[in-house]
Amino acid sequence: MAGSSAGCARPASGPRARSAGREGELALLAEHLESARRGRAGAVVVLGAAGTGKTLLLRDVAAAAGDFQVVSLRAAQHESQVRYAALESLVRALPPAVGTLPAPQRHALAVVTGREAGEVPDPLLVGLATEALLTGAGRLLCLVDDAHRMDAASLRALSTAAHRMRHGHGLLVLAGRPGVLEEWLEGSTHVRLPPLDHAQMHRVLDVLLETPIEPRVREQLVAESRGNPGAVREFLDLVEPAALAGGLGVPSAARVLDPPAAVDGLLGQVDALPQHVRTLLVLAAAEPTGDREVLHRAAQHLGLRLQDLAAAADRGLVDVGTRVLFGDPRLRAHVYRSAGPSLRRRVHAALAEALQDGSDPDLRAWCSALAATGPDDDLARDLVERAGAARSRGAVAAAALLLERAAALTTSPAGRADLQWRAGRAWQESGDLARARSSIATVAAHTRDPRRRAQAELLMARMAYDQRHGQHEVEQLIDVVAALPPGTGAEARLRALVGTMISGPPSARERLARPGAGAPVRPDAPPSFVEEALEALTAASEDRPASAIARSQRAVAALDRVPDVSADIDFMWIYLVCAVAWDETTLLRTARRYVDDVRRCGRLSQAGLAYNYAAVLEMHAGHLDRAEELSRRARRVRELTGARENHRVDLLLAAWRGQGARVGELARACRELAAQNGETRVLATVACANALLHNGAGRYTAALRALEPARTDVGFAPFLLPEEVEAAVRTGEAERARRAHRLLQRWSAGAGTPWARGLDLRCRALLLGPAEEADALHRESVAVLGTGESTSQVARARLLHGEWLRRARRHREAREQLGLAHEVFAAVGANGFASRAARELTAAGGAPRAADGVELTAQQRAVARLAAGGATSKEIAAALVVSPRTVHAHLRTVFAKLGVESRRSLRDALVEHGLEAGEDRAVPGGHRGGRRGSVPDRPAGRVP
């Protein structure tokens, strides 16, 4: 076995994080995981062809495992003939559990794994020991990938274990290709992964791509993938994102990777074709949309006939219909790469001739450029024009590619340098910082223009900072900015100022000239957002809250005059300005607009930071699922751009989810980053997350302790200070609570927004304690916060009010407030606060109510209603067109969610939760309770 590991699983980063299009299969596995959590062990077999997403599905199951210990194993082909190789890896991953087995079982495992000498034990005894190991090790999730490669002895042991797993907290999931596993694990639940449909494949592309892609190229890629997500993933590793974004096909710079086995065999078929057919295949590979008419005309220019592709079609390499489709998108890339430079120039020249009708000017210009053998100013001008068109439709990376090629074809040194600069700027904007640095370094080395050289130095410093956000990068940025003439470069000065706020050191701010010093007055135009933001954040960094709030409000007003907020405006600037102004409405609205813009325009350089801060705002508003999706996007952007890891969003998400172990793990990672880079602001995030986690759980002393080292950095007042007031009041630290409240008032006075007023009222109510006057302040806080954007903050205000009412023995009113708070927290997944609200609600004489339409999926509800109406499992399966095993799995989950033990209790539970049985009861040919063949109390098999 290779790559075996054990440890606590991390929370899911969203069901679409990896296994896009497999949400149904993931939900079914999650139901089995929930059954195991409640003491009903089991086994599941995941079956699918190569590339269908088995590995990614297992990773998502592991990510959803929560408090389970996760053991992940991957079978290796070279160990398939080694007896008990897989089982040895499993035993090695869980050494403490072996000692708890009965002596015969322990000895049997020790012998087959080479730890003790002895006769080869009975395979049944080994299987029984394996079952005891899987079900007796606590909450254990065992994942075996490529299980079809396992040695027969290990497979027999796991098969025996799977057939006997009934009680305990273990879940065994084996994933492999169809064939061997079905026979060995016949009695286990089988989850098959068929090819994805058209819509699901588009969702896979949505997950994998963070930049736009030409619609026709996208459709071609989906069609050629034939529902195999792995083929798409590998194809995207073979081609340049810039070429895909512009619909330019597979460029000559495509990465050289060894073809996978599925494609290697097809390439062998290509080599067996006549030369003229191979040329036609290269031509088809270079034309990204499969346009048959264009390929027909291009083939004629080469003196060939497109009909001769029939020889390739006979071998399954292509389909020639209304479009020409390759049998696999990876085959397209490797066919193109296999051609020599001369042949590629010939086919591109032929395509350029075929596109003279103007049907695709971008592709015609690009093909002409790839066919060129020397400088050509006319062609360069055409490429520049096409670059402008690409940029206008959001293909920034394609624009960079076109400009770079135009620079190579330009004869004028000055013109070449200008185009190289523009290409570098576009590469930077697209997030390809390596190519941006190469272009800008070329310009800096050859230009004599001091203005252009200063621009190049500034951009290089900016790119270094964007990747690492460390103190060293801030110092470099300030060195460049400090050399600018006073009163110029407001954008650069703002970038450097914010850099000092994030990474410090604070003393570095003194090296920045005061904004406006010697700046010319522009009586014909109002100050821009950047200018107002520079003044506002300067005032905030100098601890002048009144001026900072006033200037921030003016900066917020200036946002309405910005036609494209994502063009050269970092979202961090907007975030800080709106936080200082306490304007959550503008902040959330602009965040959503910003992330849409950067994704639509392909501006990856700004996307990662924007996604992160937008995720924080979605959390604040109570939309944790949206925040998880944005966090996933941010991780993908960091992978594409090579930016440093950023744990802050996941840290705050874990705090809202009430995941203490996860918070501790991520907090340590954040502190390590701060120690490495000097990024001090992240420490305030760590303090905020810990305070949120502990306040949610009612551990107020721990919350207060977490806040002790925290500084209230610019923009943190709305997040840190209310947590400190609540924790200090609950622990009797009255003076500390009043001090934090005074600081909050100092930074919110004059803002006048619902966010500022509502939190001030909430803190004032807490400070009054049991005094009767607190009641009115609590009510007003709920009302004022309700006019803002944050449902979670309203729920927190209701929770505090409900707690006050309960302590005042006004239980009926307390139950109303606490019930509403609990419903919100439970619905959004804020588990810590939900548990706190549930405890308070129970103490007030109430009971937490399941959220209608949230606790049960549509299929779970249908299964529950049919079972409550008297249908058997087979009848439900026939009515819903699912397997009986799926019915059992749904019933296990329904029982757990509704808190019932048998089918007899289902109907009352459905009525109690507003999910009454209705027309779903009518099953053709079904039986009714009390008649022969009626539904038993418990589902058959392992269902309780």
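I began with the largest nonpolar core, which has 118 residues; Phe529, Leu537, Phe571, Ile574, Tyr575, Met619 and Phe825 touch the most other members. Such a core is a set of buried Ala, Val, Leu, Ile, Met, Phe, Trp, Tyr and Cys residues joined through side-chain atoms within 4.5 Å; buried is under 20% relative accessible area with a 1.4 Å probe, protein chains only. Helix H31 (residues 604-621) gives the most to this core, 11 residues. I took helices as DSSP runs of H or I with at least four residues and strands as E runs of at least two, numbered from the N terminus.

I noted the source: this is a predicted model, where local features need pLDDT of at least 70 and side-chain atom pairs pLDDT 80 or more, while totals for chains, interfaces and linings use all residues. Residues are numbered from 1 along each chain as its sequence is written, and side-chain values use heavy atoms, without hydrogens and water.

I then listed contacts (heavy atoms within 4.5 Å). Leaving out residues up to four places away in sequence, Tyr575 touches Leu587, Tyr613, Val616, Leu617, Arg681 and Phe719.

Next I checked H28 (residues 545-559) against H38 (residues 734-748): the angle is about 45 degrees and the axes, lines fitted to C-alpha atoms over the stretch in contact, are 8 Å apart. Pro545, Ala548 and Ile549 of H28 meet Arg746, Trp747 and Ser748 of H38.

Last, the totals: I found 47 helices and 8 strands, and 57% of the 944 residues count as buried.

How values were computed: Buried < 20%, exposed > 50% of the residue type's maximum accessible area, 1.4 Å probe, protein only. Axes fitted to C-alpha atoms, helices over the stretch in contact; angles between N-to-C directions.
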